Amino acid sequence: MSLEVLRTVAAAMTIIAAAMVAANWNARITVCGFALFIAASIAWIADGIMEPKSSLVIQNAVLLVINVLGVWRWLPRAGKEAAASGAADRATR
């Protein structure tokens, strides 16, 4: 994969993830946004390794940890929302 493609994909993932987290529609979308941020951080780390940029690697390693914490924090809430909506769906049948 060329660096140009990698950077384009990483940038697109970062923008989409930021929109998903900022929108705060529901916990499931927020978790997916954090997961996409994780993928983007990995792509940026790969870029920083391929073209030696230690600052890019360090920044995205820290962001990777933050986004893993985001998934860890929001995942239980997403499960509760899914269970609540499933219970509501069963109640209306």
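User: Why does asparagine 24 count as partly exposed?

Analyst: The model is a predicted one, in which local features need pLDDT of at least 70 and side-chain atom pairs count only at pLDDT 80 or more, while totals for chains, interfaces and linings use all residues. Residues are numbered from 1 along each chain as its sequence is written, and side-chain values use heavy atoms, with hydrogens and water left out. Buried means under 20% relative accessible area, exposed over 50%, and partly exposed in between, with a 1.4 Å probe and protein chains only. The relative accessibility of asparagine 24 is 46%, so this residue counts as partly exposed.

User: Where is asparagine 24 found, and what is its phi?

Analyst: Asparagine 24 sits in the loop between helix 1 (3–23) and helix 2. Its phi is positive, about 50°, although the residue is not a glycine. Most residues other than glycine have a negative phi.

User: How many helices and strands does the chain have?

Analyst: The chain has three helices and zero strands, where helices (H or I, at least four residues) and strands (E, at least two) are DSSP runs numbered from the N terminus. In sequence order the pattern is α-α-α.

User: Why is the chain called more spread out than a compact globule?

Analyst: The radius of gyration is taken over C-alpha atoms, and the globule rule is 2.2 Å times the number of residues to the power 0.38. For 93 residues the rule gives 12 Å, and the chain has 16 Å, well over that figure; it is therefore more spread out than a compact globule. The C-alpha trace spans about 55 × 20 × 20 Å along its principal axes.

User: Which residues make up the largest nonpolar core?

Analyst: A nonpolar core is a set of buried Ala, Val, Leu, Ile, Met, Phe, Trp, Tyr and Cys residues joined through side-chain atoms within 4.5 Å. The largest has nine residues: Ala17, Ala27, Val31, Phe34, Phe37, Ile38, Val71, Trp74 and Ala78. A second, separate core has seven residues, including Ala10, Met13, Ala40 and Trp44.

User: Which residues does valine 71 touch?

Analyst: Contact means heavy atoms within 4.5 Å. Leaving aside residues up to four places away in sequence, valine 71 touches Val31, Phe34, Ala35 and Ile38.

User: Is asparagine 60 buried or exposed, and which residues does it touch?

Analyst: Asparagine 60, placed in helix 3, has a relative accessible area of 4% and is therefore buried. With residues up to four places away in sequence not counted, asparagine 60 touches Ser41, Trp44 and Ile45.

User: Why does isoleucine 58 count as exposed, and which residues make the nonpolar surface patch?

Analyst: Isoleucine 58 lies in helix 3 (residues 54–91); its relative accessibility is 55%, so it counts as exposed. Together with Val62, Leu63 and Ile66, Ile58 makes a nonpolar surface patch of about 340 Å². Nonpolar side chains (Val, Leu, Ile, Met, Phe, Trp, Tyr) are joined within 5 Å, and like charges within 9 Å. Accessible areas come from the Shrake-Rupley method with a 1.4 Å probe; for residues, only the protein chains shown count as cover.

Methods
Patches are made of residues with over 30% relative accessible area and no salt bridge: like charges are joined within 9 Å, nonpolar side chains (Val, Leu, Ile, Met, Phe, Trp, Tyr) within 5 Å. A salt bridge is a side-chain nitrogen of Lys or Arg within 4 Å of a carboxyl oxygen of Asp or Glu.
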